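The sequence and structure come first, and the notes follow by topic.

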Amino acid sequence: MRKGHHKLRKERRPPPKEPKAPPPPVQLPARVKVPTLPAKTLLPTPGTFLWTCREGFEGPLFEELCWHKTSVTLLSAGLVQSEKLPRVMPTFARMVFRVDAVVATPQEAAQVLGPRRLKVQVWVPDTQAGNARAGECVAWESTIAALREGQSDPSTPWSAFELGAGLGQVSLVAPHTAAVGVVPAREALSLAAGGRARMKRTAEAPSRAAMKLDEALEWVGVAPGKGDVCVDLGSAPGGWTRRLVERGARVWSVDTGLLAPDLASHGRVKHFHQSAFAFAPDEPCDWLFCDMAWRPLEVAQLLAKWARNRWARQLVANLKLPMKDKLPTLVRARAALEAGGWSDVTLRQLYHDRDEVTVKAIRRHA
Ligand SMILES: C[S@@+](CC[C@H](N)C(=O)[O-])C[C@H]1O[C@@H](n2cnc3c(N)ncnc32)[C@H](O)[C@@H]1O
């Protein structure tokens, strides 16, 4: 045997196997056969609720709404209609509003919106066909703005939220056709037009991962600050860790991969170069973040263990859903998180999420 051969073999040993998770015993709601998308956009009916989602996710949104017996119709790519609002907001919804009218001109839209104090949002569904009509959106927006001049409307969705005002919804569902309605800003699924909460790509946070965290924290409504201890599972190369450090937090960053060198040597970052399944904190932390590229049910069970052991008080996690049929996994992941002791578990496919969803939760027992 050549000198050093043994050492070489040792280094090449595969990493230890991750624990295999037994599926939690969960009763799945009856599955629904999702119809194919209509060849031509169906127009929403006034009095119903119009939902929008990421293109390609109409099927799971349709099924989630069916589970809540809301009488659902698939209208087109990115658009689903229901006759009622569900008890729990669906994971795959980006925005919803009650349709007051379907109109053909911005003048009619302005008339439907009336003299109420509103921040008007004109949007197209985030689909190939919808985005091709973005120019039409601009034209409707400026005509409606001109017609509402002098109405002391809030200037931003945030000020509408603060004032308790509404968000006027003008959704261009087809060429020269808009569904119009109003949603109170404080009840809106998103303050961004059509739920497209685009985060700014800054020089310090160039990655999509960092934008995902920015959007998630905006959605959660609170964020870690100076002195908070955050654990970041699946942290490399460090987009989330960087964002948390920038907010003044201390971060225990756990990944089998490497962190960017400036983060690895940062005074408020401690890198645990190991599997998150083998990591246990020395003391409880304030926030648990997780963006691990790993099987979602095993990740959910790992996160459940954190609540069970009272290792963290707040959770923000991204679950990867590369499988075709995503809903059974989500139902099981939610059940695992709740069984572990996480409460107010909310799952949402945010704007920056692709084949993944974001989860927020707080620990049930302080
Ligand atoms: C999408 S990346 C995370 C990106 C990170 N949030 C950022 O902002 O830079 C997924 C990470 O999960 C890590 N990962 C996968 N399985 C893991 C495990 N068992 N323990 C720790 N990290 C793991 C991968 O090494 C990878 O760095």
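At 28% relative accessibility, W294 is partly exposed, a class that lies between buried (under 20% relative accessible area) and exposed (over 50%), with a 1.4 Å probe and protein chains only. The model is predicted: local features need pLDDT of at least 70, side-chain atom pairs count only at pLDDT 80 or more, and totals for chains, interfaces and linings use all residues. Residues are numbered from 1 along each chain as its sequence is written, and side-chain values use heavy atoms, with hydrogens and water left out.

**Ring pairs**

- A pair of aromatic rings is described by the distance of the centres and the angle of the planes.
- Rings of Phe, Tyr and Trp (its six-membered ring) pair if their centres lie within 6.5 Å; planes under 30 degrees apart count as stacked, over 60 as edge-to-face and the rest as tilted.
- By this rule there are nine aromatic pairs.
- F57 and F92 form a stacked pair, because their ring centres are 5.6 Å apart and their planes are at 15°.
- F57 is in the loop between β1 (49-52) and α2 (58-67) and F92 in the loop between β3 (79-82) and β4 (95-98), so the pair ties together parts 35 residues apart in sequence; helices (H or I, at least four residues) and strands (E, at least two) are DSSP runs numbered from the N terminus.
- F57 is buried at 8% relative accessible area, and F92 is buried at 1%.
- The ring centres of F277 and W294 are 6.4 Å apart and the planes are at 65°, so this pair is edge-to-face.
- F277 sits in the loop between β11 (269-272) and β12 (287-290) and W294 in the loop between β12 and α10 (296-308), so the pair ties together parts 17 residues apart in sequence.
- F277 is buried, with a relative accessible area of 16%.
- F272, F279, W306 and W311 are linked into a cluster by ring pairs.

**Charges over rings**

- A charge sits over a ring if NZ of Lys or CZ of Arg is within 6 Å of the ring centre and within 35 degrees of the ring normal.
- R186 lies over the face of F161 at 5.9 Å from the ring centre, and K360 lies over the face of W219 at 4.5 Å from the ring centre.

**Helix α3**

- P106, A109, A110 and L113 are buried in helix α3 (residues 106-113).
- These residues cover an arc of only 100° around the axis, which puts them on the same side of α3; the arc is that of the directions from the helix axis to the C-beta atoms.
- The buried residues of α3 pack against β5 (101-103), β6 (118-123), α5 (134-147), β7 (166-174) and β8 (177-184), where contact means heavy atoms within 4.5 Å.
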